[in-house]
Amino acid sequence: MLAYYNELLRKKLEEVRRLTKCQSDLGIKKSEFQSDEKKCLEPELSTSTWHGTLATAFQDIREAGIHTPFLEITGAQFTNVFTAIADKINSLNAEIVSIEQTIARLEAEAKEEAEEAKTR
């Protein structure tokens with residue numbers, strides 16, 4: 001029984017390690033992604049480059065079809081992912097505490113049984 005809980009503890013600790021690394025890697029990717037925001041609206045349109053109805057329609061498409069979804073990804077979507085990862089890490093940490101308590105209880109019981117066996 002003790003071996004089972006020790007293995008379970010090892011697995012949970014590994015899951016936390018992997019999620020923490022994922023969270024870190026995702027933070028780096030978010031920064032890289034955010035740094036490309038200006039590319040959504042490039043090249044800048046002006047009266048000297050392109051103007052008129054088609055230019056206005058093109059600019060609207062860039063704003064509504066590219067820039068707005070880009071901001072949604074860098075804002076709410078990344079936030080939701082980071083929240084989900086943090087929630088899972090917190091849940092796993094709570095499981096780890098519980099497993100460690102179970103291991104400590106089982107070890108104490110085993111020690112107690114061993115001492116009783118010596119006195120018999």
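I'll start with the overall shape and then go to a few charged side chains.

A quick word on the ground rules. This is a predicted model, where local features need pLDDT of at least 70 and side-chain atom pairs count only at pLDDT 80 or more, while totals for chains, interfaces and linings use all residues. Residues are numbered from 1 along each chain as its sequence is written, and side-chain values use heavy atoms, with hydrogens and water left out.

Okay, the shape. The protein chain has 2 helices and 0 strands; those are DSSP runs, H or I of at least four residues for helices and E of at least two for strands, numbered from the N terminus. Along its principal axes, the C-alpha trace spans about 100 × 15 × 15 Å. The radius of gyration is 27 Å, whereas a compact globule of 120 residues would come out near 14 Å. That radius is taken over C-alpha atoms, and the globule rule is 2.2 Å times the number of residues to the power 0.38.

How much of the chain is buried? Of the 120 residues, 17% are. Buried means under 20% relative accessible area, exposed means over 50%, and partly exposed is in between, using a 1.4 Å probe and protein chains only.

Now find Arg-10, in helix 1, which runs over residues 2-34. Arg-10 forms a salt bridge with Glu-7, with the closest N and O atoms 2.6 Å apart. By salt bridge I mean a side-chain nitrogen of Lys or Arg within 4 Å of a carboxyl oxygen of Asp or Glu. Both residues sit in helix 1, 3 residues apart, about one turn of the helix. Arg-10 counts as partly exposed because its relative accessibility is 46%, and Glu-7 does too, at 33%.

Over in helix 2, residues 53-119, Arg-105 and Glu-109 are 4 residues apart, again about one turn. They also form a salt bridge, at 3.1 Å between the closest N and O atoms. Asp-36 and Lys-39 make another, at 3.4 Å. By this rule the count comes to 7 salt bridges.

Leaving out residues up to four places away in sequence, Lys-30 touches Thr-74, Phe-78 and Phe-82, where contact means heavy atoms within 4.5 Å.
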